[in-house]
Amino acid sequence: MAFQSFEDLEVWQGRCRLAVDVFQTLASCRNFRMQDQVQRSALSIPCNVAEGYERNSNKEFVRFLNISKGSGGELRTQLYISRKLDFLTKEDFNLLVGESKEISKMLHGLSCAVSKRSPKQSKRVRPETLNP
């Protein structure tokens, strides 16, 4: 069975959950510049997964998965800085960084799986190829 849309991808769903968690956790952040930047990074991650999927090309999908993974690194860096500045509690920091690392692994696995596919294969990803 093939996926019919990016909404079916577990990695996209996880990135959306992470973005929601980031928005909720930083809702009361007293530094609006940091809050805005961290939230933008978190939001760009699932958006890049969706955009790449909709491009209907394995090459473009992999490119956007890698952009999404890079945004995950950017987000984690901002989380580390936010923790050092006491904008995040230790518990919130550990939760968000842990989620981000796990989803980065998933993005890497999906990127590798899609990269190995023939360009002539259907763009729709089969579920068995998503388990790295």
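## Basis of the description

Axes are lines fitted to C-alpha atoms, for helices over the stretch in contact, and the angles between N-to-C directions run from 0 to 180 degrees. The model discussed here is predicted. Two packed helices are described by the angle between their axes and the distance between the axes.

## Helix α1 against helix α4

Helix α1 spans residues 10-25 and helix α4 spans residues 90-115; their axes come within 10 Å and cross at roughly 160°. Angles over 145 degrees count as roughly antiparallel, and α1 and α4 are therefore roughly antiparallel to each other. The crossing in which α1 passes α4 is left-handed.

On the α1 side, the contact is made by Glu10, Val11, Gly14, Arg15, Arg17, Leu18, Asp21, Val22 and Thr25. On the α4 side, the residues are Asp92, Leu96, Glu99, Ser100, Ile103, Ser104, Met106, Leu107 and Leu110. By class, the contact of α1 with α4 holds 8 nonpolar, 4 polar and 6 charged residues.

## Helix α1 against helix α2

Helix α2 covers residues 32-54, and its axis and that of α1 come within 9 Å, crossing at roughly 165°. As a result of this angle, α1 and α2 are therefore roughly antiparallel to each other. Here too a left-handed crossing is found, with α1 passing α2.

From α1, the residues Val11, Trp12, Arg15, Cys16, Ala19, Val22 and Phe23 meet Val38, Gln39, Ala42, Leu43, Ile45, Pro46, Val49 and Ala50 of α2. The contact of α1 with α2 divides into 13 nonpolar, 1 polar and 1 charged residues.

Technical notes: Residues numbered from 1 in each chain as written. Predicted model: local features only at pLDDT ≥ 70, side-chain atom pairs only at ≥ 80, totals over all residues. Heavy atoms only, no water. Helix = DSSP H or I, 4+ residues; strand = E, 2+ residues; numbered from the N terminus. Parallel < 35°, antiparallel > 145°, perpendicular 65-115°, else oblique. Left-handed = near helix turned anticlockwise from the far one by under 90°. Contact = heavy atoms within 4.5 Å. Nonpolar A, V, L, I, M, F, W, Y, C, P; charged D, E, K, R; others polar.
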